[in-house]
Amino acid sequence: MRILVLGSGGREHAIIRKIKESPKVDKIYAAPGNGGISKDAECIDIGVMDKEGIVAFSKENAVDIVFVAPDDPLAAGMVDTLTANGIRAFGPRAEAAVIESSKVFSKNLMKKYNIPTADYEVFDDPAKAVEYIENKNRYPVVIKADGLALGKGVIIAQTHKEAREAVKEIMEDKKFGDSGNKVVVEEYLTGPEVSVLAFTDGISLVPMVSSKDHKRAYDNDEGLNTGGMGTISPNPYYTPEIAEICRKTIFEPTVAAMNSENRTFKGCLYFGLMITPDGPKVIEYNARFGDPEAQVVLPRLKTDLVDIIEAVIDERLSQVSIEWKEEAAACVVMASGGYPLAYKKGLEITGLDENGQISGAEIFHAGTKLEKGKFYTNGGRVLGVTAEAKTLEEALAKAYTAVSKISFEGAHYRTDIGKTK
């Protein structure tokens with residue numbers, strides 16, 4: 001088989017590495033890919049939003065399946081376009097990807113179908129949003145841009161002043177562009193966070209092993225929100241009892257709700273959850289694999305990923321037995337100094353070894369480029385240093401040992417992945 005994966009980050013590298021294990025596959029393309037991905041797939045210079053380019057390339061190169069990994073092309077209808085051109089594609093159509101691309105849609109869906117989530121109101125007028133926050137007078141308060149914002153469109157305001165500034169940044173200053181035309185103002189939930197990815201063909205849903213993301217830039221959950229600074233799997237707070245409650249009250253009802261809305265979801269559905277004192281609640285949905293959740297979840301997958309991809313596309317997921325390794329996994333993200341704000345690019349990375357520096361570790365490239373045999377930084381999150389071991393403590397120790405062997409100017413990473421509540 002010939003498979004094309006759209007995207008250029010650590011998530012896509014993890015997907016490609018797992019696809020590469022399948023005996024069914026003899027050619028993998030990545031569009032556009034990155035420096036590290038070029039060692040595992042043939043990178044082609046086509047942007048993830050270039051529908052015509054992707055369709056033409058897929059036809060010319062007899063591509064069997066296109067795996068649409070990032071949120072933007074899913075929201076823009078890449079899967080719809082590929083399917084209309086007779087090309088098999090993994091991922092939801094635009095009408096279903098709206099569960100991520102509009103927070104207003106997803107919150108209203110949960111309210112309509114009684115799926116547990118934080119109380120909220122939606123505003124398209126900044127003055128009314130501020131007035132509502134003043135009247136509620138409960139802090140912290142969560143303010144979310146409606147649309148896609150690279151995982152950064154959520155501000156947790158601790159005071160009324162911060163809340164006013166957040167509304168202004170999103171709605172008036174347009175920090176996230178048109179994504180901020182509307183905002184969701186939401187109650188602040190407390191409790192451990194859990195990420196659960198699930199395969200679904202729109203009929204049945206199979207949750208993957210749990211994980212925990214660390215969004216804040218610095219240790220002790222301080223600093224700005226990022227796209228994710230590291231992950232662990234399994235999540236110690238996600239017990240079998242909690243998993244069963246989530247299946248009954250959140251996972252299956254979400255698939256049924258999307259079907260009821262004539263927006264059948266096929267692909268990978270991501271549930272961002274919080275285990276509150278009142279039980280599990282949904283913080284957010286994503287319409288694809290999380291990044292860096294994919295970097296700890298996919299290495300634990302024993303079943304051939306290509307078998308699962310085909311079963312999802314053909315709506316026969318219930319016929320596939322999906323198995324997972326018992327080992328734990330940990331990923332530490334090495335980022336550029338200054339991320340998630342301004343940072344330098346083009347800095348040489350030293351100490352990189354394709355085998356992950358030590359046994360049981362591997363490196364997923366996020367923001368790298370390869371020039372004349374050398375790797376250079378080319379993004380905010382540069383590498384996802386991942387390790388597997390019998391216990392989470394061992395996996396973390398391995399990952400940090402591997403991190404210690406890699407360097408580039410201004411390299412920044414959290415030292416407390418897996419240790420925070």
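**Helices and sheets in a predicted model**

Reader: Which residues of helix α2 (residues 51-60) are buried?
Author: The model is predicted, so local features need pLDDT of at least 70, side-chain atom pairs count only at pLDDT 80 or more, and totals for chains, interfaces and linings use all residues. Residues are numbered from 1 along each chain as its sequence is written; side-chain values use heavy atoms, with hydrogens and water left out. Helices (H or I, at least four residues) and strands (E, at least two) are DSSP runs, numbered from the N terminus. Buried means under 20% relative accessible area, exposed over 50% and partly exposed in between (1.4 Å probe, protein chains only); in α2 the buried residues are Gly53, Ile54, Val55, Phe57 and Ser58.

Reader: Which residue with a positive phi follows α2?
Author: Look just past the helix. Its phi is near 50°, and the residue is Ala62.

Reader: In what order do the strands of the sheet with β6 and β8 run?
Author: Two strands pair if DSSP finds at least two bridges between them. The edge strands, β6 (120-123) and β8 (154-157), each pair on one side only. The sheet is open and the pairing antiparallel, in the order β6-β9-β7-β8.

Reader: Which residue in β9 is the bridge partner of Phe123?
Author: β6 pairs with β9 (residues 183-187) over four bridges, in the antiparallel sense. For Phe123, the bridge partner in β9 is Val183.

Reader: What angle does helix α7 make with β6?
Author: Axes are lines fitted to C-alpha atoms, for helices over the stretch in contact, and angles run from 0 to 180 degrees between N-to-C directions. α7 (residues 126-136) packs on the sheet and touches β6, β7 (141-145) and β9. Its direction and that of β6 make about 155°.

Reader: Within what arc do the buried residues of α7 fall?
Author: Ala129, Val130 and Ile133 are the buried residues of α7. They line one face of the helix, because seen down its axis (directions from the axis to the C-beta atoms) they fall within an arc of 95°.

Reader: Which residues are exposed on the other side of α7?
Author: The buried residues pack against β6, β7, α8 (160-172) and β9. On the other side, the exposed residues are Ala127, Lys128 and Asn135.

Reader: How are α5 and α6 turned to each other, roughly parallel or roughly perpendicular?
Author: α5 (residues 94-101) and α6 (residues 103-112) pack at about 90°, their axes 6 Å apart. Val98, Ile99, Glu100 and Ser101 of α5 meet Lys103, Phe105, Ser106 and Leu109 of α6. Angles under 35 degrees count as roughly parallel, over 145 as roughly antiparallel, 65 to 115 as roughly perpendicular and the rest as oblique. The two helices are therefore roughly perpendicular.

Definitions and conventions: Contact means heavy atoms within 4.5 Å.
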